[in-house]
Amino acid sequence: MSKKNIETEIPSNGVLDGGSKIEAIKNLIFGENIQAYDSEFNSLKKEITQKRDELKEFIEETSQELNGLIDNLSTDLNIRITELENTIADKAEDLDAKKVDKKVLGQLLVKLGNQISE
């Protein structure tokens, strides 16, 4: 880079403000390639933003899908629990029907004992 480029950026009063100082330093360090660096940086920035947006969309879709699956699993689990409760209730009723009351059993045994002793 030539001295001419730097001199044209210095104001006529010879005092640079903060932004001008940074620009002058950038021109000294990077020279004429600064536009290429800025262009590449901006394209990378756009690509990163695009990828971030795609990731956000993917996360949102995945979250909705997972919530749907959790709801389905919860519904299935509730149905199975209800079926199990009904099955247990049915089995308990069957046991009640099959078991013999102690009083009835006692009376039957006394009756049987009386018949044997006769």
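## Leucine 112 and helix H4

Leucine 112 sits in helix H4 (residues 102–117); helices here are DSSP runs of H or I with at least four residues, strands are E runs of at least two, and both are numbered from the N terminus. This is a predicted model, in which local features need pLDDT of at least 70 and side-chain atom pairs count only at pLDDT 80 or more, while totals for chains, interfaces and linings use all residues. Residues are numbered from 1 along each chain as its sequence is written, and side-chain values use heavy atoms, with hydrogens and water left out.

With a relative accessible area of 44%, leucine 112 is partly exposed; that class lies between buried (under 20%) and exposed (over 50%), using a 1.4 Å probe and protein chains only. Zero of the 16 residues of H4 are buried, so the helix lies largely in the open. From first C-alpha to last, H4 reaches 22 Å, close to the 22 Å expected at 1.5 Å a residue (the expected span is 1.5 Å times one less than the number of residues).

Patch members have over 30% relative accessible area and no salt bridge; nonpolar side chains (Val, Leu, Ile, Met, Phe, Trp, Tyr) are joined within 5 Å and like charges within 9 Å.

A patch of negative charge brings together Glu54, Glu57, Glu60, Glu61 and Glu65 on the surface, with each Glu charge placed at CD and Asp and Glu counted as negative. Glutamate 65 belongs to helix H3 (residues 34–98) and is exposed, at 54% relative accessibility.

## The salt bridge

How many salt bridges does the count come to? The count is one, taking a side-chain nitrogen of Lys or Arg within 4 Å of a carboxyl oxygen of Asp or Glu. Arginine 52 and aspartate 53 pair up, N to O, at 3.7 Å. Arginine 52 is partly exposed at 44% relative accessibility, and aspartate 53 is partly exposed at 39%.

## The chain as a whole

The protein chain has four helices and zero strands, running α-α-α-α from the N terminus. Of its 118 residues, 3% count as buried. The chain exposes about 10900 Å², with 57% supplied by carbon and sulfur atoms; areas come from the Shrake-Rupley method with a 1.4 Å probe.
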